[in-house]
Amino acid sequence: STVVEDLTDANLALLREVAPTVTDPELRARLADVIWTAKRDHKLAEIAVDSYLASAEELFDPEHWSRCADRLERAMRLALSLGRNAAPFSSVIDRIQDLVRRLDGEDPLFLSCRLMELLLECDRGDVALCRALAGKAAARAEQRTEWAIARTYWELRARWDTRDGDQDSARESALRAAETYV
């Protein structure tokens with residue numbers, strides 16, 4: 001069975017021993033995650049977070065973005081379970097912020113959007129940078145007449161504007177999002 005609850009203590013002990021030695025970050029992340037889920041082993045949770053970050057880096061592709069984003073989201077959720085003041089949480093936020101900077105609002109689809117949504121969810125991230133990059137991505141999508149992408153980024157920009165306390169800009173961004181329907 002593939003249900004974690006079906007694993008015996010002996011199975012879990014073997015996985016706990018093997019997981020840190022696995023060289024493939026995806027497999028190491030999954031094994032360590034199983035131990036965390038079953039036994040709440042903090043050391044293995046930290047290994048899982050680091051491994052999901054490594055896997056996300058290997059899967060980084062702005063055109064096929066969802067697998068990378070999924071690994072970053074799982075790393076973030078695991079890190080949150082270890083605490084906002086713990087080192088893994090800071091590592092995840094730093095990595096997400098670095099990827100947002102690297103993409104610079106120029107990715108063709110939704111990776112920047114998903115990453116900035118994760119930052120918003122955690123109430124983290126450089127607000128000025130994210131506002132600017134969401135607006136840049138929206139404007140680029142409009143130039144390419146990719147209205148659904150533009151709308152998504154304008155809506156995201158409105159959320160960052162709101163977080164920054166700039167209601168006038170939030171209203172303008174929301175109007176720009178609505179105009180994509182026209």
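Predicted model: local features only at pLDDT ≥ 70, side-chain atom pairs only at ≥ 80, totals over all residues.

Student: At what angle do the axes of α8 and α9 cross?

Tutor: Two packed helices are described by the angle between their axes and the distance between the axes. Here α8 (residues 147-163) and α9 (residues 167-179) have axes that cross at roughly 170° and come within 8 Å. Axes are lines fitted to C-alpha atoms, for helices over the stretch in contact, with angles from 0 to 180 degrees between N-to-C directions. Helices are DSSP runs (H or I, at least four residues), numbered from the N terminus. That crossing makes α8 roughly antiparallel to α9 (angles over 145 degrees).

Student: Which residues make that contact?

Tutor: Contact means heavy atoms within 4.5 Å. On the α8 side they include Arg151, Trp154 and Asp161, and on the α9 side they include Gln167, Ser173 and Arg176. The residues of this contact divide into five nonpolar, four polar and five charged (Asp, Glu, Lys and Arg count as charged; Ala, Val, Leu, Ile, Met, Phe, Trp, Tyr, Cys and Pro as nonpolar; the others, Gly among them, as polar).

Student: Now α3: which of its residues are buried?

Tutor: An α-helix has 3.6 residues a turn, so residues three or four places apart point the same way. Buried means under 20% relative accessible area, with a 1.4 Å probe and protein chains only. Among the buried residues of α3 are Leu44, Ala48, Tyr52 and Leu59. Their cover includes α1 (9-18), α2 (25-39), α4 (66-82) and α5 (87-103).

Student: What caps the N-terminal end of α3?

Tutor: Asp41 does, with a side-chain oxygen 3.0 Å from the backbone nitrogen of Lys43.

Student: And Asp33, buried or exposed?

Tutor: Asp33, found in α2, counts as buried because its relative accessibility is 8%. A polar contact is a pair of N or O atoms within 3.5 Å; within protein, one must be able to donate a hydrogen and the other to accept it, and residues adjacent in sequence count only if both atoms are side-chain atoms. The Asp33 side chain makes one with the side chain of Tyr52 at 2.7 Å, and another of 2.7 Å joins the side chains of Asp33 and Arg74.

Student: What about Glu5, buried or exposed?

Tutor: Glu5, in the segment before α1, counts as exposed at 65% relative accessibility (the cut-off is over 50%).

Key: Residues numbered from 1 in each chain as written. Heavy atoms only, no water. Helix = DSSP H or I, 4+ residues; strand = E, 2+ residues; numbered from the N terminus. Parallel < 35°, antiparallel > 145°, perpendicular 65-115°, else oblique.
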